[in-house]
Amino acid sequence: MRLLEGIRVLELGGHTSAPFCARLLADYGADIIKVEPPGLGDPARSKGPFAGDDPNPEKSLPFLYLNTNKRGITLDIECPTGRLILDRLLSETDVLVENFSPALRDSLSLDFDSLAAVNPSLVAVSITPFGLAGPYRDQPAEDIEAFAWSGHLYHSGDSDREPLHNALDQAWYVAGVNAATAAAAALFQRLFTGRGQQVEVSASECLAAHMVQAVPYFNYMGAIKGRRPIRGSGFEELMPARDGYVVPSVQGSQPWSVVADLIGLEELEDEKFSSGSGRIEHGEELKELVARGLSKWDRKPLFEASGQRRLVFGMAQDSGDLYDCPHLEERGYFVQVDHPVAGSAPYAGFGPCLSSYQYEITRPAPLLGQHNQEIYGDSLGLSDLDLVCLRAGGIV
């Protein structure tokens with residue numbers, strides 16, 4: 001039995017945060033019904049890159065990744081007939097996940113009181129940039145604005161440069177992870193109370209909650225923690241190797257001579273580099289020597305050799321390195337997925353490993369409206385004529 005088998009989730013909204021939340025619940029076995037507007041569907045369908053460089057709404061790579069293990073239907077929830085159908089779906093739903101703006105959420109009567117009137121046991125998950133209350137509730141934000149507001153942007157990067165932005169829309173993925181965790185906790189509480197509740201997720205606050213050093217630093221010391229200091233010695237910073245970038249380090253339980261021997265340059269064994277203060281005093285010279293030594297290494301052999309010496313060296317991997325990574329291959333991380341339009345490809349897998357649960361992708365991302373007949377006909381009992389009329393009216 002899958003861990004969340006028997007739990008039905010209705011996903012509204014689009015883009016990243018709500019779909020990622022629902023995908024995580026799907027990965028644990030919940031039945032996800034993704035509701036998209038008729039016609040264009042989830043806005044993520046128009047977001048590239050696209051499989052085969054073909055700007056087809058069924059080939060958007062972000063959409064394909066975010067929507068595996070789901071069934072998909074189309075429905076205009078803003079028209080009266082569409083809302084009646086939505087309420088029928090909600091009456092048989094355990095969790096609603098949406099990421100509409102607070103104003104649109106209110107106009108659609110998706111507030112918890114309205115939802116609870118339809119289904120008192122519903123867990124309603126709302127994901128927004130700044131939450132459902134407060135002076136910034138209606139403030140729109142992209143990923144970089146959420147990072148900036150949360151404090152992460154200010155504290156990222158080097159102290160002699162402007163703040164550094166994290167890549168790849170991580171604010172919305174962090175919000176999605178928090179939303180899925182909170183939804184599961186609310187479902188657990190429902191076992192005892194029998195009632196649902198509102199789960200409110202602010203992406204900016206989720207990010208701010210990760211400021212585990214900077215916030216206490218200010219609270220207890222009254223000082224603002226700066227960005228990473230300039231090191232200048234080549235250690236604890238990205239350095240070029242022969243085939244990419246590595247992070248050489250003096251962290252670990254080994255003396256300096258082991259570090260110098262690994263890098264393989266005789267000049268590094270000079271006594272003046274053996275202490276931390278010496279490496280700071282002669283930082284520029286040391287950095288040049290480290291760069292010269294690393295230029296003879298490829299990333300992977302250096303990473304493996306450092307581990308054998310109990311040293312903490314890192315290697316910067318790109319997506320190609322990840323797909324060819326023998327460690328991930330042995331752990332079965334990637335899962336082959338066949339999509340009827342985009343084709344077959346390995347997908348990134350599941351982070352946690354549970355001893356009694358085998359992760360699998362049972363469905364590729366749904367085609368637009370793919371499961372209309374299955375959900376509306378088989379589950380809700382609508383006739384073929386009903387569906388024809390709904391399609392003709394642009395409701396599904």
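# Helices, strands and side chains of a predicted model

The model is predicted, so local features need pLDDT of at least 70 and side-chain atom pairs count only at pLDDT 80 or more, while totals for chains, interfaces and linings use all residues. Residues are numbered from 1 along each chain as its sequence is written, and side-chain values use heavy atoms, with hydrogens and water left out.

## The whole protein

The protein contains 18 helices and eleven strands. Both kinds of element are DSSP runs numbered from the N terminus: helices are H or I runs of at least four residues, and strands are E runs of at least two. The C-alpha trace spans about 85 × 50 × 40 Å along its principal axes. Of the 396 residues in the protein, 44% are buried.

Contacts are counted where heavy atoms lie within 4.5 Å. Among contacts between residues at least 6 apart in sequence, 70% join residues at least 24 apart. The protein exposes about 20,300 Å², of which carbon and sulfur atoms supply 54%. Accessible areas were computed by the Shrake-Rupley method with a 1.4 Å probe, and for residues only the protein chains shown count as cover.

## Helix α3

Helix α3 covers residues 80-90, and its buried residues are G82, R83, I85, L86, L89 and L90. Seen down the axis of α3, these residues fall within an arc of 160 degrees, so they line one face of the helix. The arc is taken from the directions that run from the helix axis to the C-beta atoms. The buried residues of α3 pack against the strands β1 (8-11), β3 (70-74) and β4 (95-98), and also against the helices α5 (112-118), α17 (372-379) and α18 (384-392).

## Strands

Strand β3, one of the packing partners of α3, is mostly covered, with five of its five residues buried. K70, G72 and T74 lie on one side of β3 and R71 and I73 on the other, and both faces are covered. Strand β2 (residues 31-36) runs parallel to β3 and is joined to it by five bridges. K34 has G72 of β3 as its bridge partner. Two strands are said to pair if DSSP finds at least two bridges between them.

Elsewhere, three strands form an open sheet in the order β7-β8-β9, with antiparallel pairing. Its edge strands are β7 (239-240) and β9 (314-315), each of which pairs on one side only. Two bridges connect β8 (residues 245-247) with β9 in the antiparallel sense. The bridge partner of V247 in β9 is G314.

## Cysteines

The whole structure has zero disulfides, a disulfide being a pair of cysteine sulfur atoms within 2.5 Å. C79 is in no disulfide, and the nearest cysteine sulfur, that of C389, is 13 Å away. C389 is likewise in no disulfide, its nearest cysteine sulfur being that of C79.

## Aromatic rings

There are ten aromatic pairs in the structure. Rings of Phe, Tyr and Trp (its six-membered ring) pair if their centres lie within 6.5 Å; planes under 30 degrees apart count as stacked, over 60 as edge-to-face and the rest as tilted. The rings of Y323 and F334 have centres 4.5 Å apart and planes at 25 degrees, so this pair is stacked. Y323 belongs to helix α15 (residues 319-323) and F334 to the loop between α16 (326-330) and β10 (335-339), so the pair ties together parts that are eleven residues apart in sequence. F350 and Y359 make another stacked pair, at 4.6 Å centre to centre and 10 degrees between the planes. Both F350 and Y359 are buried. One aromatic cluster is formed by Y28, F350, Y357 and Y359.

F192 is found in helix α8 (residues 170-193). F192 and L380 are 188 residues apart in sequence, and their C-alpha atoms are 29 Å apart in space.

The table gives the accessibility of some residues named above.

| Residue | Relative accessibility and class |
|---|---|
| C79 | 16%, buried |
| C389 | 48%, partly exposed |
| Y323 | 43%, partly exposed |
| F334 | 23%, partly exposed |
| F192 | 65%, exposed |

Conventions: Buried means under 20% relative accessible area, exposed over 50%, partly exposed in between (1.4 Å probe, protein chains only).
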